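Please look through the structure below before reading on.

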Amino acid sequence: MALSTAADLVKAPLLYKGKVRELYDLGEHFLIVVTDRISAFDYVLDPAVPEKGNVLNKLSSFWFELTGDMMDNHVVHTDINQLGDIITDPELLKDRIMVTRKAERIDIECVVRGYITGGGWRQYEKSGEVNGIKLPDGLRKNAKLDVPIFTPAAKNDVGHDEDIPMDRMKELVGDALAFELQEKSLRLYEFARDYCDQRGIILADCKFEFGMVDGKVILIDEIFTPDASRFWAKENYELDIEIDSMDKEPVRTYLAGSDWDKNSKPDPLPQEVVEATTARYVDIYHRLTDK
């Protein structure tokens, strides 16, 4: 059973409804519920994708625990039983919830790229640079970079986030915080890149969000999930092609090959596309966690 919203299942004020996550106010803490909603090309699509929310939440929990010794994060607990009668259907939400500290979000999306692909490749084709970082001439699409690069974006709650150079990030948050976020992001990427490599997976790029609690920077939101990272199976890696990523690629492929006008919400996804997408999310979870 896919879950499109938890609003009728949580007896707490709904503060924010994102494309996938819902944020509820528990007083001292936040409650994050991860739904099965799926988005592509800036539209939330129908129907929701079974198991997607469970995978995203459990995978984030897994990575937050794995990186907890190297970086503080917002997780308080993921135990549905501690929420008592706030949750009206504990069985349905048990793998979807995360109780977190109330952090003040830093409005910078911290992106690390280990490979030149996607939006980074499109920038490089035009200018030889990514977010103002000059890269060597002659790179090919999907090439591994000698050193991972930090390519931040200014967050916009409406519309697309805006790629910015490091100098602009310094203007927005100050030099010290900019360098701290850069260092933390690169360290996290390198840790996860090596972990994935041992499991036959390439972590091409990823994004992080950080917040402040009591004057300290902590990791928030989600990390190293298919919605926040570009995973490639090693056996699919090639230069100069569109590599089939281990996420909602079946949805993107279907929409790209359909007659959708891209100016209105697409028609509901076919069942086979939904099932293929569920399988992708479940597969990456198993491969990363061995569970």
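**Cysteines, cores and helices**

Cys110 is buried, its relative accessible area being 0%; buried means under 20% relative accessible area, exposed over 50%, and partly exposed in between, with a 1.4 Å probe and protein chains only. This is a predicted model, in which local features need pLDDT of at least 70 and side-chain atom pairs count only at pLDDT 80 or more, while totals for chains, interfaces and linings use all residues. Residues are numbered from 1 along each chain as its sequence is written, and side-chain values use heavy atoms, with hydrogens and water left out.

Cys196 is in no disulfide either, with the sulfur of Cys206, its nearest, at 9.0 Å. Cys196 also counts as buried, at 0% relative accessibility. The count of disulfides comes to zero.

The next topic is the nonpolar interior. In soluble globular proteins, nonpolar side chains tend to be buried together. A nonpolar core here is a set of buried Ala, Val, Leu, Ile, Met, Phe, Trp, Tyr and Cys residues joined through side-chain atoms within 4.5 Å. The largest such core has 52 residues, and the members that touch the most others are Trp63, Phe208, Phe210, Phe224, Phe231 and Leu288. Helix 5 (residues 175-197) gives the most to this core, with nine residues. Helices (H or I, at least four residues) and strands (E, at least two) are DSSP runs, numbered from the N terminus. Another core lies apart from the largest one; it has 15 residues, including Leu31, Leu83, Ile87 and Leu93.

Phe224 deserves a separate look. Phe224 sits in the loop between strand 16 (216-220) and strand 17 (229-233), and it is buried, with a relative accessible area of 1%. Although Phe224 is not a glycine, it has a positive phi of about 50 degrees. Contact means heavy atoms within 4.5 Å. Setting aside neighbours within four places in sequence, Phe224 has contacts that include Leu59, Trp63, Leu188, Tyr189, Ala192, Phe208, Phe231 and Leu288.

Two packed helices are described by the angle between their axes and the distance between the axes. Axes are lines fitted to C-alpha atoms, for helices over the stretch in contact, and angles run from 0 to 180 degrees between N-to-C directions. Angles under 35 degrees count as roughly parallel, over 145 as roughly antiparallel, 65 to 115 as roughly perpendicular and the rest as oblique.

Helix 1 (residues 52-66) and helix 7 (residues 271-289) have axes that come within 9 Å and cross at roughly 20 degrees. Helix 1 is therefore roughly parallel to helix 7. On the helix 1 side the contact is made by Lys52, Val55, Leu56, Lys58, Leu59, Phe62 and Trp63, and on the helix 7 side by Tyr281, Val282, Tyr285, Leu288 and Thr289.

Helix 7 also packs with helix 6 (residues 249-256): their axes come within 8 Å and cross at roughly 150 degrees. This makes helix 6 roughly antiparallel to helix 7. Glu249, Pro250, Val251 and Tyr254 of helix 6 meet Val273, Ala276, Thr277 and Arg280 of helix 7.

Helix 4 (residues 166-173) packs against helix 5 at an angle of about 125 degrees, with the axes 7 Å apart. That makes helix 4 oblique to helix 5. Met166, Met169, Lys170 and Val173 of helix 4 meet residues of helix 5 that include Asp175, Leu177, Ala178 and Phe179.

Leu255 lies in helix 6 and counts as buried, at 1% relative accessibility. The C-alpha atoms of Leu255 and Phe41 are separated by 9.2 Å, although the two residues are 214 residues apart along the chain. Beyond its neighbours within four places in sequence, Leu255 is in contact with Ala40, Phe41, Leu45, Trp260, Pro266 and Leu269.

Two backbone details remain. The peptide bond from Asp46 to Pro47 is cis, with omega near -10 degrees, and Pro47 is found in the loop between strand 5 (43-45) and helix 1. Asp290 is exposed, with a relative accessible area of 60%.

Conventions: Disulfide = S-S within 2.5 Å.
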